Amino acid sequence: MVCPNDTNPMGILQGGRLVQWMDIAAAVCAQTHAGKICVTASIDTVSFKRPAYVGEIVTIEAKITRAFNTSMEIMVSAWSKSVSSTKKHLISESYFTFVAIDEAGEVTPVNAVKPLTPADRKHYDEAWKRKKRK
Ligand SMILES: CC(C)(COP(=O)(O)OP(=O)(O)OC[C@H]1O[C@@H](n2cnc3c(N)ncnc32)[C@H](O)[C@@H]1OP(=O)(O)O)[C@@H](O)C(=O)NCCC(=O)NCCS
């Protein structure tokens with residue numbers, strides 16, 4: 001829930017706070033896949049499509065699109081809704097890249113991801129294009 005200390009003087013959720021929440025959700029996703037500690041290597045462009053106000057409920061969905069060798073791309077979407085409504089609104093989305101780290105602090109390989117649906121395959125193929133641009 002968006003609380004007053006999450007907001008700017010207009011009562012709108014701060015962008016940096018939302019990115020922090022998205023980063024945590026992405027870390028949970030990456031570490032669950034890898035079974036290892038993972039660190040954020042990069043965050044793609046984050047756009048804020050709609051404000052979220054004090055009292056609204058924010059839901060964050062993080063999904064792995066592809067694992068490479070030691071890195072993984074995580075797609076993160078954030079949604080908001082008021083308590084009295086069932087309708088949720090997309091407020092932000094971005095791609096995060098996480099890298100798995102072993103006990104010695106070195107980068108370490110992770111298991112591959114197998115796309116199961118046509119939508120999964122699309123994200124999987126596009127992840128490679130995004131990686132090449134970095
Ligand atoms: C991310 C980090 C571990 C990469 O270490 P590195 O020595 O550059 O590792 P490598 O060059 O061997 O690259 C390892 C993988 O990371 C990827 N990578 C490195 N920098 C990246 C970046 N800026 N964006 C996206 N991917 C990146 C590489 O493409 C490679 O992927 P692959 O093995 O799947 O092909 C290192 O830069 C680091 O520790 N950064 C700080 C992380 C941090 O503090 N995050 C915030 C807190 S969690």
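Here is a short tour, starting with the ligand and moving on to the rings.

Please keep in mind that this is a predicted model. Around the ligand there are 14 residues, and the protein buries 46% of the 930 Å² that the ligand exposes when taken alone. Elsewhere, a search of the whole structure turns up one aromatic pair.

**The shell around the ligand**

- Thr40, Asn69, Thr70, Ser71 and Lys131 come nearest to the ligand among the 14 residues around it.
- Sorted by class, the shell holds six nonpolar, six polar and two charged residues.
- Strand E1 (37–43) and strand E5 (89–101) are the elements that give two or more residues to this shell.
- E1 supplies the largest share, with four residues.

- Ser42 brings a polar side-chain atom to 3.1 Å from a ligand nitrogen atom.
- Ser71 also takes part through its side chain, with a polar atom 2.7 Å from an oxygen atom of the ligand.

**The aromatic pair**

- One aromatic pair is found in the whole structure; its rings belong to Phe68 and Trp128, with centres 6.1 Å apart.
- The planes of these two rings meet at 40°, so the pair counts as tilted, since stacked pairs need planes under 30 degrees apart and edge-to-face pairs over 60.
- Phe68 lies in the loop between strand E3 (57–67) and strand E4 (71–81), while Trp128 lies in helix H2 (residues 118–133), so the pair ties together parts that are 60 residues apart in sequence.
- Phe68 is buried because its relative accessible area is 18%, under the 20% cut-off.
- Trp128 is partly exposed, at 38% relative accessibility.

**Charges over rings**

- Arg66 places its charged end over the ring of Tyr124, 3.9 Å from the ring centre.
- Arg130 lies over the face of Tyr95, and here the distance to the ring centre is 3.6 Å.

**Another tryptophan to look at**

- Trp21 is found in helix H1 (residues 15–34).
- With 23% relative accessibility, Trp21 counts as partly exposed.
- Thr59 is 38 residues away from Trp21 in sequence, and the two C-alpha atoms are 9.7 Å apart in space.

Key. Residues numbered from 1 in each chain as written. Predicted model: local features only at pLDDT ≥ 70, side-chain atom pairs only at ≥ 80, totals over all residues. Heavy atoms only, no water. Phe/Tyr/Trp six-rings, centres within 6.5 Å; stacked < 30°, edge-to-face > 60°. Buried < 20%, exposed > 50% of the residue type's maximum accessible area, 1.4 Å probe, protein only. Lys NZ or Arg CZ within 6 Å of the ring centre and 35° of its normal. Near = heavy atom within 4 Å. Polar contact = N/O pair within 3.5 Å; in protein donor to acceptor, adjacent residues only side chain to side chain. Areas by Shrake-Rupley, 256 points an atom, 1.4 Å probe, with all protein chains shown as cover. Nonpolar A, V, L, I, M, F, W, Y, C, P; charged D, E, K, R; others polar.
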